[in-house]
Amino acid sequence: MSRKRALISDAFNLKKRRNGTEQFGATAAEEGPADIKSSLEYLMTLFPRKLFNDALPQIVLKHQLYSIHSDRTLVDKELNKMRERGDLLMFQLGFDAEAFGLVFTSDYKAKVLVGEEGKTTQTTVERFLEKVVTVCTDLSFTKDKMLKEFLFTDSEITQLVKSGVLTVRDAGSWWLSIPNSGKFTKYFIKGRKAVLNMVKKSKYGEVLKAEIEERRTNSQVKFHMKYHIHDIVGAELVESIPTTSGTLLRFVDS
C-alpha cells in the first residue's frame with residue numbers, strides 16, 4: 001500500500017473511532033444498505049418481547065441506528081427505501097418530536113391481526129392494513145384523505161382509533177400507531193432516565209460502556225441495557241469516546 005493510501009485509510013479509521021461506530025453494532029465497519037438492514041435486525045433482537053407477552057411487534061427507534069452508523073443521511077435513505085418497498089413502517093412515538101419508531105410491516109400486521117381476532121372492529125382493521133398500511137408511507141392521515149382516497153366512513157375511522165391503529169394527532173387528522181404501545185413508551189422513558197442517571201452519577205460523569213452493560217438492572221430498567229445504550233448514544237444524550245480501555249460514555253450536560 002502506498003503511503004498516501006495508508007494515510008487516507010488511517011484518517012478514515014480515526015474518523016470512525018471518533019464517532020464511536022466501531023464498538024456498537026453487528027455491522028458498524030460497513031455503511032452499505034445490507035449492513036443497515038442487518039443493524040436494524042440486530043437492534044430488533046434487543047427488544048423484550050416477553051415483557052409485553054409477545055403482544056407487541058419488535059420496536060426500534062430510528063436514532064438507535066445512528067449509534068451504529070455515522071452516516072445519518074445514508075441510514076435515512078435506506079430506511080426510506082425499505083418503507084417504499086413495504087418492508088418497514090415508521091411511527092411518530094409521541095413523547096418526543098424526534099422519536100420515530102421502526103417496525104417490520106409483517107410483524108406489525110401479525111400482531112394487530114391477533115389482537116383483533118373476534119372483535120367488532122376486525123373487518124375494518126383488516127381493510128386498513130390491506131388498503132392503507134401496505135401501500136402508503138405516510139406517518140399521519142387527514143380526514144379528507146381517509147374519506148375520499150381510502151374510502152373509510154366516519155364510523156370506521158372511529159373503529160380504527162378504538163382498535164389503536166390510529167391515534168388522534170389533532171382535529172381532523174390521525175397518526176398511524178401501534179396498538180397497546182403505551183406501556184412500551186412508559187417503560188422506555190423510565191429506563192432511559194435511569195440509564196442516563198447511571199452515567200451522570202459515575203465519577204466525572206463518564207463510564208465504560210462494557211461496565212454499564214454488565215450492571216444489574218433495577219426496577220426502572222426493564223429493557224436490555226444495550227437497547228438503552230443504543231438509544232442514549234444515537235440521541236446524543238451521551239458522547240461515545242474510544243479509549244484504550246474500550247468505549248467510554250460521557251454524560252452530555254444539556
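Mentor: Let's start with a term: a salt bridge is a side-chain nitrogen of Lys or Arg within 4 Å of a carboxyl oxygen of Asp or Glu. The model here is predicted, so local features need pLDDT of at least 70 and side-chain atom pairs count only at pLDDT 80 or more, while totals for chains, interfaces and linings use all residues. Residues are numbered from 1 along each chain as its sequence is written, and side-chain values use heavy atoms, with hydrogens and water left out.

Trainee: How many salt bridges does that rule give?

Mentor: The count comes to 15 salt bridges. In one of them, D54 pairs with R49, and their closest N and O atoms are 2.9 Å apart. Another joins K145 and D138, at 2.6 Å from N to O. Shared partners also link R49, D54, D107 and K111 into one network of salt bridges.

Trainee: Is D54 buried, exposed or partly exposed, and which cut-offs decide?

Mentor: Buried means under 20% relative accessible area, exposed means over 50%, and partly exposed lies in between (1.4 Å probe, protein chains only). D54 has 39% relative accessibility, so it counts as partly exposed. R49 is partly exposed too, at 24%.

Trainee: What describes a pair of aromatic rings?

Mentor: The distance of the centres and the angle of the planes describe it. Rings of Phe, Tyr and Trp (its six-membered ring) pair if their centres lie within 6.5 Å; planes under 30 degrees apart count as stacked, over 60 as edge-to-face and the rest as tilted. This structure holds 15 aromatic pairs. The rings of F128 and F141 have centres 6.1 Å apart and planes at 80°, so they are edge-to-face. F128 sits in helix α6 (residues 122–133) and F141 in strand β4 (residues 140–142), so this pair ties together parts 13 residues apart in sequence.

Trainee: Are F128 and F141 buried or exposed?

Mentor: F128 counts as buried at 0% relative accessibility, and F141 counts as buried at 2%. F141 also forms an edge-to-face pair with F150, with 6.2 Å between centres and 80° between planes.

Definitions and conventions
Helices (H or I, at least four residues) and strands (E, at least two) are DSSP runs, numbered from the N terminus.
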